[in-house]
Amino acid sequence: MNQKEWPLWEVFIRAKQGLNHKHVGSLHAADVTMAIANARDVYTRRLEGISIWVVESKHLHASEPSDQEALFDPAEDKIYRHPTFYNLPIELKHM
Amino acid sequence: MEINLEESFQKKIDDEIRIEPRDWMPEKYRKTLLRQISQHAHSEIVGMLPEANWITRAPNLRRKVALLAKVQDEAGHGLYLYSAAETLGMTRDELLEELHSGKAKYSSIFNYPTLSWADMGAIGWLVDGAAIMNQVPLCRVSYGPYARAMVRVCKEESFHQRQGYEIMLTLSNGSEEQKAMAQDALNRWWWPSVMMFGPNDDNSPNSAQSMKWKIKRFSNDDLRQKFIDVSVAQAEILGLTIPDNNLKWNEARGHYDFSTIDWIEFNEVIAGNGPCNKQRLKAIVSAWQNGEWVRDAAVAYAEKQAKKTDNKTIAA
Ligand SMILES: [Fe+2]
Ligand SMILES: [Fe+2]
(Lines give C-alpha, C1' and ligand atoms only; values in the text may rest on other atoms or scores of the structure.)
(Ligands and ions follow the chains in the order given, each with its own letter.)
Protein backbone atom coordinates (compact mmCIF):
# COMPACT_ATOMS: atom_id res chain seq x y z
CA MET A 1 0.00 0.00 0.00
CA ASN A 2 1.30 3.36 -1.04
CA GLN A 3 0.53 6.32 1.18
CA LYS A 4 1.97 8.83 -1.24
CA GLU A 5 -0.31 11.62 -2.42
CA TRP A 6 0.13 12.74 -6.02
CA PRO A 7 2.03 16.04 -6.10
CA LEU A 8 0.23 19.35 -6.50
CA TRP A 9 0.57 21.34 -9.74
CA GLU A 10 -0.31 24.92 -10.59
CA VAL A 11 -2.11 25.39 -13.88
CA PHE A 12 -1.75 28.34 -16.27
CA ILE A 13 -3.91 28.77 -19.35
CA ARG A 14 -3.44 30.91 -22.45
CA ALA A 15 -6.97 31.92 -23.38
CA LYS A 16 -6.06 32.79 -26.95
CA GLN A 17 -3.12 33.46 -29.19
CA GLY A 18 -1.48 36.73 -28.21
CA LEU A 19 -2.41 36.67 -24.52
CA ASN A 20 -0.18 35.55 -21.67
CA HIS A 21 -0.76 32.39 -19.67
CA LYS A 22 -2.81 33.12 -16.58
CA HIS A 23 -3.00 31.15 -13.35
CA VAL A 24 -6.34 29.36 -13.11
CA GLY A 25 -5.96 26.92 -10.22
CA SER A 26 -4.25 23.74 -9.16
CA LEU A 27 -4.64 19.99 -9.29
CA HIS A 28 -2.95 16.73 -8.35
CA ALA A 29 -1.18 14.48 -10.83
CA ALA A 30 1.50 11.80 -10.70
CA ASP A 31 3.60 13.31 -13.50
CA VAL A 32 3.68 16.09 -16.06
CA THR A 33 1.77 14.18 -18.75
CA MET A 34 -1.06 13.49 -16.36
CA ALA A 35 -0.95 17.05 -15.06
CA ILE A 36 -1.52 18.45 -18.55
CA ALA A 37 -4.22 15.88 -19.32
CA ASN A 38 -6.02 16.65 -16.06
CA ALA A 39 -5.64 20.39 -16.57
CA ARG A 40 -7.33 20.03 -19.93
CA ASP A 41 -10.24 18.12 -18.36
CA VAL A 42 -10.60 20.31 -15.28
CA TYR A 43 -9.91 23.79 -16.61
CA THR A 44 -10.72 23.82 -20.34
CA ARG A 45 -14.05 22.09 -20.81
CA ARG A 46 -15.53 25.13 -22.55
CA LEU A 47 -12.90 26.57 -24.89
CA GLU A 48 -11.19 28.44 -22.05
CA GLY A 49 -7.77 28.00 -23.59
CA ILE A 50 -5.47 26.96 -26.39
CA SER A 51 -2.32 26.29 -24.38
CA ILE A 52 -1.53 24.92 -20.93
CA TRP A 53 1.43 25.39 -18.60
CA VAL A 54 1.78 23.26 -15.51
CA VAL A 55 4.42 23.67 -12.84
CA GLU A 56 4.79 21.63 -9.71
CA SER A 57 3.65 23.83 -6.85
CA LYS A 58 6.82 23.15 -4.86
CA HIS A 59 8.81 24.98 -7.54
CA LEU A 60 6.78 28.15 -7.14
CA HIS A 61 8.21 30.79 -4.83
CA ALA A 62 6.21 33.74 -3.58
CA SER A 63 6.93 37.03 -1.84
CA GLU A 64 5.89 37.27 1.80
CA PRO A 65 2.63 39.13 2.50
CA SER A 66 4.48 40.81 5.40
CA ASP A 67 6.97 42.28 2.87
CA GLN A 68 4.20 43.94 0.93
CA GLU A 69 4.92 47.46 2.24
CA ALA A 70 8.68 47.17 1.85
CA LEU A 71 8.40 45.85 -1.68
CA PHE A 72 5.59 47.88 -3.16
CA ASP A 73 5.08 51.08 -1.18
CA PRO A 74 8.28 52.80 -2.45
CA ALA A 75 6.65 53.07 -5.88
CA GLU A 76 3.75 55.05 -4.46
CA ASP A 77 5.43 58.50 -4.33
CA LYS A 78 7.37 58.14 -7.57
CA ILE A 79 4.84 59.97 -9.65
CA TYR A 80 7.63 61.22 -11.89
CA ARG A 81 7.52 57.77 -13.47
CA HIS A 82 4.23 58.69 -15.09
CA PRO A 83 3.85 60.92 -18.14
CA THR A 84 1.34 63.25 -16.46
CA PHE A 85 4.01 64.44 -14.00
CA TYR A 86 5.59 66.69 -16.63
CA ASN A 87 4.24 70.22 -17.26
CA LEU A 88 4.18 70.90 -20.95
CA PRO A 89 2.28 73.51 -23.01
CA ILE A 90 -1.20 72.54 -24.25
CA GLU A 91 -0.40 73.51 -27.81
CA LEU A 92 2.28 70.79 -27.91
CA LYS A 93 0.96 67.97 -30.13
CA HIS A 94 1.87 64.36 -30.77
CA MET A 95 3.53 63.77 -27.41
CA MET B 1 -0.67 42.29 19.13
CA GLU B 2 -3.25 39.56 18.56
CA ILE B 3 -6.03 42.11 18.88
CA ASN B 4 -4.43 44.35 16.29
CA LEU B 5 -4.11 41.51 13.83
CA GLU B 6 -7.73 40.61 14.36
CA GLU B 7 -8.84 44.20 13.95
CA SER B 8 -6.93 44.79 10.75
CA PHE B 9 -8.18 41.43 9.44
CA GLN B 10 -11.78 42.46 10.09
CA LYS B 11 -11.15 45.88 8.57
CA LYS B 12 -9.93 44.23 5.35
CA ILE B 13 -13.10 42.18 5.24
CA ASP B 14 -15.30 45.21 5.93
CA ASP B 15 -13.53 47.01 3.08
CA GLU B 16 -14.20 44.05 0.75
CA ILE B 17 -10.51 43.23 0.43
CA ARG B 18 -10.08 39.50 -0.20
CA ILE B 19 -8.04 37.35 2.16
CA GLU B 20 -5.38 35.25 0.43
CA PRO B 21 -3.83 31.98 1.66
CA ARG B 22 -0.63 33.42 3.11
CA ASP B 23 -2.32 36.37 4.84
CA TRP B 24 -2.86 36.26 8.58
CA MET B 25 -6.29 34.97 9.57
CA PRO B 26 -7.93 33.97 12.86
CA GLU B 27 -7.74 30.24 13.49
CA LYS B 28 -11.51 30.07 13.72
CA TYR B 29 -11.94 31.72 10.33
CA ARG B 30 -9.60 29.13 8.83
CA LYS B 31 -11.40 26.23 10.52
CA THR B 32 -14.88 27.46 9.64
CA LEU B 33 -13.89 27.98 6.02
CA LEU B 34 -12.22 24.59 5.83
CA ARG B 35 -15.39 22.96 7.07
CA GLN B 36 -17.59 24.92 4.69
CA ILE B 37 -15.43 24.47 1.59
CA SER B 38 -14.73 20.79 2.19
CA GLN B 39 -18.41 20.07 2.82
CA HIS B 40 -19.16 21.85 -0.40
CA ALA B 41 -16.49 19.85 -2.28
CA HIS B 42 -17.76 16.56 -0.86
CA SER B 43 -21.30 17.50 -1.94
CA GLU B 44 -20.18 18.02 -5.53
CA ILE B 45 -18.47 14.62 -5.55
CA VAL B 46 -21.22 12.64 -3.84
CA GLY B 47 -23.72 14.58 -5.94
CA MET B 48 -22.45 12.80 -9.04
CA LEU B 49 -23.85 9.46 -7.82
CA PRO B 50 -27.63 9.99 -8.02
CA GLU B 51 -27.35 11.30 -11.59
CA ALA B 52 -24.66 8.86 -12.73
CA ASN B 53 -27.31 6.25 -11.98
CA TRP B 54 -29.20 7.34 -15.13
CA ILE B 55 -26.45 8.08 -17.65
CA THR B 56 -26.61 4.68 -19.32
CA ARG B 57 -30.41 4.83 -19.39
CA ALA B 58 -30.86 8.33 -20.79
CA PRO B 59 -33.74 8.25 -23.31
CA ASN B 60 -31.67 9.55 -26.23
CA LEU B 61 -28.21 10.69 -27.21
CA ARG B 62 -28.94 14.41 -26.73
CA ARG B 63 -29.99 13.81 -23.14
CA LYS B 64 -27.08 11.46 -22.58
CA VAL B 65 -24.32 13.85 -23.66
CA ALA B 66 -25.92 16.63 -21.61
CA LEU B 67 -26.16 14.52 -18.46
CA LEU B 68 -22.65 13.20 -18.94
CA ALA B 69 -21.33 16.75 -19.33
CA LYS B 70 -23.22 17.87 -16.24
CA VAL B 71 -21.86 15.05 -14.08
CA GLN B 72 -18.37 15.77 -15.38
CA ASP B 73 -18.84 19.42 -14.41
CA GLU B 74 -19.76 18.36 -10.88
CA ALA B 75 -16.47 16.43 -10.68
CA GLY B 76 -14.73 19.62 -11.78
CA HIS B 77 -16.56 21.63 -9.10
CA GLY B 78 -15.38 19.17 -6.49
CA LEU B 79 -11.81 19.56 -7.71
CA TYR B 80 -11.87 23.39 -7.74
CA LEU B 81 -13.18 23.34 -4.20
CA TYR B 82 -10.75 20.73 -2.87
CA SER B 83 -7.92 22.88 -4.24
CA ALA B 84 -9.33 25.92 -2.45
CA ALA B 85 -9.60 23.91 0.79
CA GLU B 86 -6.01 22.72 0.45
CA THR B 87 -4.76 26.33 0.53
CA LEU B 88 -6.00 26.40 4.14
CA GLY B 89 -3.56 23.74 5.22
CA MET B 90 -5.23 20.36 4.85
CA THR B 91 -3.99 17.81 2.31
CA ARG B 92 -6.27 16.22 -0.27
CA ASP B 93 -5.86 12.83 1.38
CA GLU B 94 -6.84 14.27 4.77
CA LEU B 95 -9.92 15.86 3.24
CA LEU B 96 -10.94 12.60 1.57
CA GLU B 97 -10.23 10.65 4.74
CA GLU B 98 -12.79 12.82 6.55
CA LEU B 99 -15.36 12.07 3.87
CA HIS B 100 -14.67 8.34 3.86
CA SER B 101 -14.76 8.00 7.64
CA GLY B 102 -18.09 9.81 7.79
CA LYS B 103 -16.59 12.63 9.86
CA ALA B 104 -17.26 15.23 7.18
CA LYS B 105 -20.77 15.98 5.99
CA TYR B 106 -22.10 16.60 2.52
CA SER B 107 -25.41 18.02 1.38
CA SER B 108 -28.22 15.74 2.61
CA ILE B 109 -30.10 16.09 -0.70
CA PHE B 110 -27.84 13.46 -2.24
CA ASN B 111 -29.07 10.84 0.18
CA TYR B 112 -32.34 10.54 -1.71
CA PRO B 113 -32.73 7.93 -4.48
CA THR B 114 -33.24 8.68 -8.18
CA LEU B 115 -36.18 6.46 -9.05
CA SER B 116 -37.12 7.57 -12.56
CA TRP B 117 -35.74 9.48 -15.52
CA ALA B 118 -37.89 12.44 -14.47
CA ASP B 119 -35.66 12.76 -11.40
CA MET B 120 -32.88 13.98 -13.74
CA GLY B 121 -35.22 16.81 -14.66
CA ALA B 122 -36.24 17.60 -11.09
CA ILE B 123 -32.65 17.52 -9.85
CA GLY B 124 -31.39 19.88 -12.54
CA TRP B 125 -34.29 22.25 -12.07
CA LEU B 126 -34.63 22.24 -8.28
CA VAL B 127 -31.41 20.90 -6.76
CA ASP B 128 -29.08 22.79 -9.08
CA GLY B 129 -31.49 25.73 -8.85
CA ALA B 130 -31.21 25.79 -5.05
CA ALA B 131 -27.45 25.33 -5.33
CA ILE B 132 -27.23 28.35 -7.65
CA MET B 133 -29.18 30.48 -5.13
CA ASN B 134 -26.67 29.47 -2.48
CA GLN B 135 -23.60 29.76 -4.67
CA VAL B 136 -24.01 33.05 -6.51
CA PRO B 137 -23.46 35.15 -3.35
CA LEU B 138 -20.39 33.03 -2.59
CA CYS B 139 -18.65 34.46 -5.66
CA ARG B 140 -18.04 37.48 -3.39
CA VAL B 141 -16.97 35.49 -0.34
CA SER B 142 -14.05 37.04 1.60
CA TYR B 143 -11.55 34.22 0.95
CA GLY B 144 -9.88 34.65 -2.46
CA PRO B 145 -9.36 31.03 -3.57
CA TYR B 146 -12.93 30.12 -2.55
CA ALA B 147 -14.43 33.11 -4.35
CA ARG B 148 -12.47 32.31 -7.52
CA ALA B 149 -13.59 28.67 -7.40
CA MET B 150 -17.19 29.79 -7.00
CA VAL B 151 -16.99 32.08 -10.02
CA ARG B 152 -16.03 29.06 -12.13
CA VAL B 153 -18.72 26.91 -10.56
CA CYS B 154 -21.47 29.48 -11.10
CA LYS B 155 -20.55 29.96 -14.76
CA GLU B 156 -21.17 26.26 -15.30
CA GLU B 157 -24.28 25.78 -13.17
CA SER B 158 -26.69 27.64 -15.38
CA PHE B 159 -26.60 24.94 -18.05
CA HIS B 160 -27.28 22.32 -15.37
CA GLN B 161 -30.51 23.97 -14.33
CA ARG B 162 -31.66 24.65 -17.87
CA GLN B 163 -31.06 21.08 -19.05
CA GLY B 164 -33.05 19.81 -16.07
CA TYR B 165 -35.90 22.19 -16.68
CA GLU B 166 -35.98 21.18 -20.35
CA ILE B 167 -36.39 17.54 -19.29
CA MET B 168 -39.32 18.55 -17.06
CA LEU B 169 -40.84 20.60 -19.86
CA THR B 170 -40.64 17.74 -22.36
CA LEU B 171 -42.21 15.29 -19.92
CA SER B 172 -44.93 17.76 -18.92
CA ASN B 173 -45.89 18.23 -22.56
CA GLY B 174 -45.78 14.50 -23.23
CA SER B 175 -48.24 11.67 -22.57
CA GLU B 176 -50.31 11.39 -19.40
CA GLU B 177 -47.79 8.91 -18.01
CA GLN B 178 -44.88 11.21 -18.74
CA LYS B 179 -46.60 14.14 -17.10
CA ALA B 180 -47.33 11.95 -14.06
CA MET B 181 -43.65 11.01 -13.92
CA ALA B 182 -42.69 14.68 -13.85
CA GLN B 183 -45.24 15.44 -11.13
CA ASP B 184 -44.03 12.49 -9.07
CA ALA B 185 -40.43 13.69 -9.34
CA LEU B 186 -41.46 17.19 -8.26
CA ASN B 187 -43.38 15.70 -5.32
CA ARG B 188 -40.35 13.81 -4.09
CA TRP B 189 -37.68 16.47 -4.71
CA TRP B 190 -39.50 19.60 -3.60
CA TRP B 191 -39.11 19.39 0.16
CA PRO B 192 -35.56 18.02 0.18
CA SER B 193 -34.65 20.95 -2.13
CA VAL B 194 -36.30 23.47 0.19
CA MET B 195 -34.29 21.93 3.03
CA MET B 196 -31.02 22.44 1.13
CA PHE B 197 -30.84 25.96 2.55
CA GLY B 198 -30.24 24.55 6.01
CA PRO B 199 -31.92 25.16 9.36
CA ASN B 200 -34.11 28.18 10.08
CA ASP B 201 -32.18 31.32 10.97
CA ASP B 202 -33.05 31.17 14.67
CA ASN B 203 -31.60 27.67 14.66
CA SER B 204 -28.39 28.53 12.90
CA PRO B 205 -26.02 29.55 15.70
CA ASN B 206 -22.87 30.23 13.67
CA SER B 207 -24.53 32.40 11.07
CA ALA B 208 -23.82 35.77 12.70
CA GLN B 209 -20.06 35.17 12.80
CA SER B 210 -20.03 33.82 9.25
CA MET B 211 -21.91 36.89 8.03
CA LYS B 212 -19.43 39.15 9.80
CA TRP B 213 -16.57 37.32 8.09
CA LYS B 214 -18.46 37.43 4.80
CA ILE B 215 -18.21 33.72 4.23
CA LYS B 216 -21.99 33.73 4.21
CA ARG B 217 -23.76 36.67 2.64
CA PHE B 218 -27.48 35.95 3.05
CA SER B 219 -29.38 34.07 5.73
CA ASN B 220 -30.74 30.57 5.13
CA ASP B 221 -34.34 31.72 5.35
CA ASP B 222 -33.86 34.64 2.97
CA LEU B 223 -32.34 32.39 0.33
CA ARG B 224 -35.00 29.74 0.87
CA GLN B 225 -37.76 32.32 0.43
CA LYS B 226 -36.17 33.57 -2.76
CA PHE B 227 -35.98 30.01 -4.10
CA ILE B 228 -39.64 29.33 -3.34
CA ASP B 229 -40.74 32.64 -4.81
CA VAL B 230 -39.07 31.99 -8.17
CA SER B 231 -40.02 28.31 -8.31
CA VAL B 232 -43.77 28.92 -8.22
CA ALA B 233 -43.91 30.57 -11.64
CA GLN B 234 -41.53 27.96 -13.06
CA ALA B 235 -43.83 25.16 -11.90
CA GLU B 236 -46.80 26.98 -13.46
CA ILE B 237 -45.12 27.01 -16.89
CA LEU B 238 -44.69 23.26 -16.54
CA GLY B 239 -48.32 22.87 -15.50
CA LEU B 240 -47.17 20.98 -12.40
CA THR B 241 -48.27 21.44 -8.80
CA ILE B 242 -45.84 22.15 -5.99
CA PRO B 243 -46.70 19.70 -3.21
CA ASP B 244 -47.63 22.24 -0.54
CA ASN B 245 -51.25 23.07 0.33
CA ASN B 246 -50.22 26.17 2.26
CA LEU B 247 -48.32 27.71 -0.61
CA LYS B 248 -49.95 31.06 -1.31
CA TRP B 249 -49.02 34.61 -2.16
CA ASN B 250 -48.86 36.94 0.81
CA GLU B 251 -49.49 40.45 -0.43
CA ALA B 252 -48.29 42.12 2.77
CA ARG B 253 -44.98 40.24 2.84
CA GLY B 254 -44.51 40.32 -0.89
CA HIS B 255 -43.57 36.65 -0.72
CA TYR B 256 -45.16 33.23 -0.88
CA ASP B 257 -46.15 31.64 2.43
CA PHE B 258 -45.38 27.96 2.75
CA SER B 259 -45.78 25.05 5.17
CA THR B 260 -43.51 24.39 8.11
CA ILE B 261 -40.58 22.25 7.11
CA ASP B 262 -40.30 18.72 8.47
CA TRP B 263 -37.07 19.24 10.39
CA ILE B 264 -37.30 15.79 11.91
CA GLU B 265 -36.76 14.29 8.47
CA PHE B 266 -33.94 16.76 7.77
CA ASN B 267 -32.13 15.86 11.01
CA GLU B 268 -32.63 12.15 10.41
CA VAL B 269 -30.99 12.35 6.99
CA ILE B 270 -28.11 14.41 8.40
CA ALA B 271 -27.69 11.88 11.19
CA GLY B 272 -27.11 9.22 8.53
CA ASN B 273 -30.58 7.68 8.40
CA GLY B 274 -31.73 8.92 5.01
CA PRO B 275 -32.74 6.45 2.30
CA CYS B 276 -29.30 6.28 0.63
CA ASN B 277 -26.68 7.46 3.16
CA LYS B 278 -25.03 4.06 3.47
CA GLN B 279 -25.16 3.32 -0.23
CA ARG B 280 -23.57 6.67 -1.15
CA LEU B 281 -20.73 6.37 1.32
CA LYS B 282 -20.09 2.80 0.28
CA ALA B 283 -19.85 3.79 -3.39
CA ILE B 284 -17.41 6.61 -2.59
CA VAL B 285 -15.21 4.48 -0.34
CA SER B 286 -15.09 1.52 -2.71
CA ALA B 287 -14.22 3.79 -5.66
CA TRP B 288 -11.30 5.10 -3.58
CA GLN B 289 -10.18 1.63 -2.52
CA ASN B 290 -10.53 0.06 -5.96
CA GLY B 291 -8.56 2.92 -7.45
CA GLU B 292 -5.64 2.46 -5.11
CA TRP B 293 -3.59 0.24 -7.44
CA VAL B 294 -4.06 2.78 -10.22
CA ARG B 295 -2.81 5.64 -8.05
CA ASP B 296 0.13 3.54 -6.88
CA ALA B 297 0.99 2.44 -10.41
CA ALA B 298 0.97 6.06 -11.60
CA VAL B 299 3.37 7.05 -8.83
CA ALA B 300 5.65 4.07 -9.56
CA TYR B 301 5.67 4.94 -13.27
CA ALA B 302 6.43 8.61 -12.57
CA GLU B 303 9.30 7.63 -10.26
CA LYS B 304 10.73 5.28 -12.86
CA GLN B 305 10.54 7.92 -15.58
CA ALA B 306 12.19 10.47 -13.29
CA LYS B 307 15.04 8.06 -12.60
CA LYS B 308 15.55 7.43 -16.32
CA THR B 309 15.80 11.18 -16.92
CA ASP B 310 18.30 11.48 -14.07
CA ASN B 311 20.48 8.72 -15.53
CA LYS B 312 20.41 10.37 -18.93
CA THR B 313 21.51 13.66 -17.41
CA ILE B 314 24.41 11.96 -15.64
CA ALA B 315 25.47 10.14 -18.79
CA ALA B 316 25.45 13.39 -20.71
FE1 LIG C 1 -21.91 21.77 -8.98
FE1 LIG D 1 -24.66 21.49 -10.91
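Let's start in chain A, where Asp41(A) and Arg40(A) form a salt bridge, their closest N and O atoms being 2.5 Å apart. The term stands for a side-chain nitrogen of Lys or Arg within 4 Å of a carboxyl oxygen of Asp or Glu. Asp41(A) is partly exposed at 32% relative accessible area, while Arg40(A), at 52%, is exposed. Those words have cut-offs: buried is under 20% relative accessible area, exposed is over 50%, and partly exposed is in between, with a 1.4 Å probe and protein chains only.

## What you are looking at

This is a predicted model, in which local features need a pLDDT of at least 70 and side-chain atom pairs count only at pLDDT 80 or more, while totals for chains, interfaces and linings use all residues. Residues are numbered from 1 along each chain as its sequence is written, chains are lettered from A and ligands numbered from 1 in the order in which they are written, and side-chain values use heavy atoms, with hydrogens and water left out.

Chain A has an average pLDDT (the predictor's confidence in each residue, from 0 to 100) of 92, and 97% of its residues score at least 70.

## Chain B in outline

Chain B has 13 helices and two strands; these are DSSP runs numbered from the N terminus, H or I of at least four residues for helices and E of at least two for strands. Its C-alpha trace spans about 75 × 55 × 35 Å along the principal axes. Of the 316 residues in chain B, 50% count as buried.

Now for contacts, meaning heavy atoms within 4.5 Å. In chain B, 77% of the contacts with a separation of 6 or more are between residues 24 or more positions apart.

## Two iron ions

Chain B also supplies donors for two iron ions. Donors here are N, O and S atoms within 2.8 Å of the metal (3.2 Å for Na, K and Ca), and water is not among the atoms, so sites may look incomplete. The iron ion (ligand 1) is coordinated by Glu44(B), Glu74(B), His77(B) and Glu157(B) at 2.0 to 2.3 Å. Glu74(B) also bridges to the iron ion (ligand 2), with the two ions 3.4 Å apart. Glu74(B) sits in helix α4 (residues 61-86) of chain B and Glu157(B) in helix α7 (residues 144-172), 83 residues apart.

Around the iron ion (ligand 2), the coordinating residues are Glu74(B), Asp128(B), Glu157(B) and His160(B), at 2.0 to 2.8 Å. Glu157(B) and His160(B) are three residues apart in helix α7 of chain B, about one turn of the helix. Both Glu157(B) and His160(B) are buried.

## More charged pairs

Over all chains, the whole structure has 28 salt bridges. Side chains of opposite charge can pair when their charged atoms come close. One of the pairs is Arg92(B) with Glu86(B), at 2.7 Å from N to O. Arg92(B) counts as buried at 10% relative accessibility, and Glu86(B) does too, at 13%.

Arg188(B) and Asp119(B) form another salt bridge, with their closest N and O atoms 2.7 Å apart. This pair links distant parts of the chain, 69 residues apart: Arg188(B) is in helix α8 (residues 176-195) of chain B and Asp119(B) in helix α6 (residues 118-135). Arg188(B) is partly exposed at 25%, whereas Asp119(B) is buried at 0%. Finally, salt bridges with shared partners join Arg45(A), Arg46(A), Asp73(B) and Glu156(B) into one network.
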